[in-house]
Amino acid sequence: SESVLEAGVEEITQFINKHCKARSLKWAHQKTEELIAAAKRNPFQSTLYHSLLVSLNMYIDLLQAYHHQLSTLEREIDQLAVQLEEYELLQTIPGVGEKIAATIISEIGEIDRFSHPKKLVAFAGLDPSVFESGRFKGTKNHITKRGSARLRRMLYTAVRCSIRDSRKKKTTDETIARNKRLRAFYDLKREEGKPYRVAIIACANKLLHWVYAMLKTKTPFQETI
């Protein structure tokens, strides 16, 4: 805290901006203000034990090493993914980027392992669980969440990216969803009275059916219905 307060806003802002090149100067200034505010609140203005600084430096070194290893793995994944035809096919779906496409392919593997799209849906854990006992049959069924949790998370992410109103025409205020087909399906489920999360799961199910058909037929995504 003592060092932070002595350095001042300008010096810390420049330091953060230099080491976080992907961020803006405004972001660096905001983080500087948060850091100075935290330093002022800290009851220990000076470090009591040198061992604390040693431990902190060790943690920083470990974090930087992990970041370096993750960057290396990401580059290797990208190099392997671009060699696959399926990688390019999945990216024709609006809302599915490089990382999502690579993850979906790695989790599914060979599409021929699944003889029907429902089996792929079950593998992702997006199929509904049915509770029955004697004459009782459940009316509120949750998804099973069995199979690949990583695939399920990527589908959720892809759906949220696809239905988001993020593109605007330069000449008008009209908002356009990345994936018009999926957004239309989402709006339909919401109009039927489905809660947000239920509608998202239904969209993930629909998206996975499209993925299955595309990988089976080796054809890109069709924007029109």
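Modeller: This is a predicted model. We can start with helix α2, residues 9–19, where the buried residues are I12, T13 and I16.

Colleague: What makes I12, T13 and I16 "buried"?

Modeller: Buried requires under 20% relative accessible area. I12, T13 and I16 are the residues of α2 that count as buried, so each of them falls under that cut-off.

Colleague: How do you know that they are on the same side of α2?

Modeller: They cover an arc of only 100° around the axis, which puts them on the same side of the helix. In general, an α-helix has 3.6 residues a turn, so residues three or four places apart point the same way.

Colleague: Which residues are exposed on the other side of α2?

Modeller: E10, E11, F15 and K18 are exposed there. Exposed means over 50% relative accessible area, so these four lie above that limit.

Colleague: What do the buried residues of α2 pack against?

Modeller: Their partners are α1 (2–7) and α3 (25–41).

Colleague: Why is a set of residues called a nonpolar core here?

Modeller: Its members must be buried, be of a listed nonpolar type and be joined through side-chain atoms within 4.5 Å. The largest such set has 40 residues, and L90, I104, I108, L126 and L155 have the most contacts inside it. Helices α5, α6, α7, α8, α9 and α10 each supply at least two of its residues, and α10 gives the largest share, 12 residues.

Colleague: What does L155 touch?

Modeller: Leaving aside residues up to four places away in sequence, L155 touches I104, A124, L126, A204, L207 and L208. A second, separate core of six residues includes V4, I16, A28 and A39.

Colleague: What is the volume of the largest pocket, and which residues are closest to its centre?

Modeller: The volume is about 590 Å³. Of the 20 lining residues, V4, L53, L56, N57 and I60 are the closest to the centre. The largest share of the lining, eight residues, comes from α4, while α1, α2 and α4 (50–81) each supply at least two.

Colleague: How does the lining divide by residue type?

Modeller: Into nine nonpolar, 10 polar and one charged.

Colleague: And how many helices and strands does the protein chain have?

Modeller: The chain comes to 10 helices and four strands, and 30% of its 225 residues count as buried.

Notes. Residues are numbered from 1 along each chain as its sequence is written. This is a predicted model: local features need pLDDT of at least 70, side-chain atom pairs count only at pLDDT 80 or more; totals for chains, interfaces and linings use all residues. Side-chain values use heavy atoms; hydrogens and water are left out. Buried means under 20% relative accessible area, exposed over 50%, partly exposed in between (1.4 Å probe, protein chains only). The arc is that of the directions from the helix axis to the C-beta atoms. Contact means heavy atoms within 4.5 Å. On a 1 Å grid over the protein atoms alone, a cavity is a set of points where a 1.4 Å probe fits but cannot get out, and a pocket is an open set with protein on both sides within 12 Å along at least five of seven lines; lining residues have an atom within 4 Å of a point. Grid points are joined across faces, edges and corners, and a volume is the space filled by probe spheres set on the points. Ala, Val, Leu, Ile, Met, Phe, Trp, Tyr, Cys and Pro count as nonpolar, Asp, Glu, Lys and Arg as charged, and the others, Gly among them, as polar.
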